[in-house]
Amino acid sequence: MKQITLLGATGSIGIQTLEVIRLHPDHFSVYALAFGKNIEKALPLIKEFSPKIVVVQDKTIKKQVESEFPDIQVLLGTEGMIAASTAADVDVLVNAVMGSVGLPATLAAIEAQKVIAIANKETLVTAGHLVMEAAYRYNVDLLPVDSEHSAIFQSLNGEKPDTIERLVLTASGGSFRDKTREELKGVTVEDALNHPNWSMGAKITVDSASMMNKGLEVIEAHWLFHIPYEQIDVILHRESVIHSMVEYKDRSVIAQLGTPDMKVPIQYALTYPDRLDLSMTKRLNLEEIATLHFQPMDYERFRCLKLAYQAGKEGGSMTTVLNAANEQAVELFLNGKISFLDIETLIEQALESHQTIAKPDLETIIAIDQETRSQVCSYLK
Ligand SMILES: NC(=O)C1=CN([C@@H]2O[C@H](COP(=O)(O)OP(=O)(O)OC[C@H]3O[C@@H](n4cnc5c(N)ncnc54)[C@H](OP(=O)(O)O)[C@@H]3O)[C@@H](O)[C@H]2O)C=CC1
Ligand SMILES: CC(=O)[C@@H](O)[C@H](O)COP(=O)(O)O
Ligand SMILES: [Mn+2]
């Protein structure tokens, strides 16, 4: 029986993780649940899964949870997420919070030698060097939940690293894949949130529309699989059936395919190296799909992806700036304060004005993250 701490329990990945846990009560139980502010969604989950610890982000919500569940320990904020992720009885941390706020808990869980199922890609983008150094030092498994990285992880199984020619990440193209840059000037938040293949949280859905999601994923792949940026490619694949692939030096290409359902990579991260039934997920029917489409990536059309490659190749604190500027700009867009194309402009300005620090420590990363967010807001003024 694996005891799980789930950060981001009320989100899209969090809810699907709980669906997987619900399917396999003999294999998994919930040790702790952490969420932000969505008390309505959280209360029935706390009742159903009876965790030992609940972590919330707000003092008023803490009091509410305490009064409803007097026998459960309720903790607050980043310190609470760290305590829930490092407790002695925890076997696996599923980090599914949105944003770089998930970084301290990931690092603490690595130091406590927990297995980590990582959905929270911003953690790796903002501080990949710290996370991977710690994972290596403490000999901890960092199991990808992101669909592309799970696909690559599965396609790398048993292969020798020096036989890899390149990784190929597939991109659906997101909500605006058929729009010209001229047409992008008039798009709304509602348009951006209408992803063709996946139902996800708001921030990642906007990232997918701007192609920053793929940019973050290129950086995530660089860190998870120790592959130089020059050997990581992106291809547009409208159907999201091939979740990503690895090309080897002998020209063999190994890919992982399936219907677009995040429960598959979530469950694989929880069961690795085993596999369990997941009969609730639709089987892949290639006769029904009949045709799969592929297009080369247009880096001028999707400028965020180009910026992500540039920041990744520059390295150091540049990806911290990329991530923080993107998180702030997407929040402004979702709140109706800026237009869709302003997102890339604000990120580019933040990157241009930053002097790279080669190997920032955690304190420096947190400071740069905060400064960048303020800077993005001040450009707006
Ligand atoms: N959704 C998907 O299919 C995929 C998501 N991912 C990645 O997984 C992560 C989560 O995505 P997704 O589930 O879509 O996001 P959602 O927005 O649906 O959920 C985010 C979760 O994080 C919590 N949260 C937000 N801010 C804070 C905070 N400051 N402190 C603590 N908790 C917080 C939210 O709590 P509350 O709502 O209660 O405030 C919610 O539980 C992201 O990094 C994303 O890139 C990767 C691949 C696919
Ligand atoms: C499900 C998942 O992993 C998302 O990150 C997905 O990749 C979004 O789709 P696109 O970014 O390819 O549109
Ligand atoms: Mn993905």
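The legends below describe close-up views of a predicted model. Residues are numbered from 1 along each chain as its sequence is written, while chains are lettered from A and ligands numbered from 1 in the order in which they are written. Because the model is predicted, local features need pLDDT of at least 70 and side-chain atom pairs count only at pLDDT 80 or more, whereas totals for chains, interfaces and linings use all residues.

**View 1. The seven-strand sheet.** Seven strands form an open sheet with parallel pairing, in the order β4-β3-β2-β1-β5-β6-β7. Strands (E, at least two residues) and helices (H or I, at least four) are DSSP runs numbered from the N terminus, and two strands pair if DSSP finds at least two bridges between them. β4 (73–76) and β7 (142–144) are the edge strands, each pairing on one side only. From one strand to the next, the twist averages 25°. β1 pairs with β2 (residues 28–34) in the parallel sense over six bridges, and Leu6 stands opposite Leu33 in β2. Three bridges join β2 to β3, again in parallel, and here Leu33 has Val54 of β3 as its bridge partner.

View 2. A residue is buried if 20 or more other C-beta atoms lie within 10 Å of its own, exposed if 12 or fewer, and partly exposed in between, with C-beta atoms placed from the backbone. In a regular strand the side chains alternate between the two faces of the sheet. Helix α3 (residues 59–68) lies across β3 (53–56) and β4, and runs at about 175° to β4. Axes are lines fitted to C-alpha atoms, for helices over the stretch in contact, and angles run from 0 to 180 degrees between N-to-C directions.

**View 3. The largest nonpolar core.** This core has 105 residues, of which Leu33, Ala34, Ala308, Leu322 and Ile347 touch the most other members. A nonpolar core is a set of buried Ala, Val, Leu, Ile, Met, Phe, Trp, Tyr and Cys residues joined through C-beta atoms within 7 Å. Helix α15 (residues 318–334) gives the most to this core, with eight residues. Not counting residues up to four places away in sequence, Ala34 touches Leu6, Leu7, Gly8, Ala9, Val55, Gly80, Met81 and Ala84. Contact requires C-beta atoms, placed from the backbone, to lie within 7 Å.

**View 4. Helix α5 and its cover.** Helix α5 (residues 103–111) is largely enclosed by the rest of the structure, because seven of its nine residues are buried. These are Leu103, Ala105, Thr106, Leu107, Ala108, Ala109 and Ile110. Their cover includes β1 (2–7), α4 (77–86), β5 (92–95), β6 (115–118), α6 and α17 (362–380). Gln113, which follows α5, has a positive phi near 60°.

**View 5. The surroundings of ligand 1.** Around ligand 1 there are 29 residues, and the closest are Gly11, Gly36, Asn38, Met200 and Gly201. A residue is near a molecule if its C-beta atom, placed from the backbone, lies within 6 Å of it. α1 (12–23), α6 (121–137) and α10 (202–210) are the elements that give two or more residues to this shell. The shell divides into 13 nonpolar, 11 polar and five charged residues. Ala, Val, Leu, Ile, Met, Phe, Trp, Tyr, Cys and Pro count as nonpolar, Asp, Glu, Lys and Arg as charged, and the others, Gly among them, as polar.

View 6. Among the residues around ligand 2 are Asp146, Glu148, Trp198, Lys214 and Met262. The elements that give two or more residues to this shell are α7 (147–155), α10 and α11 (212–225). Four of the shell residues are nonpolar, five polar and three charged.

**View 7. The five-strand sheet and Ile232.** An open sheet of five strands with mixed pairing has the order β11-β10-β8-β9-β12. At its edges stand β11 (253–257) and β12 (295–296), each with a single partner strand, so one side of each is left without a neighbour in the sheet. β9 and β12 pair in the antiparallel sense over two bridges, and Leu236 has Gln295 in β12 as its bridge partner. α11 packs on the sheet, touching β8 and β9, and its direction makes about 150° with that of β8. Ile232 is found in strand β9 (residues 232–236). Ile232 is buried, with 20 other C-beta atoms within 10 Å.

Notes:
Two residues are in contact if their C-beta atoms, placed from the backbone, lie within 7 Å.
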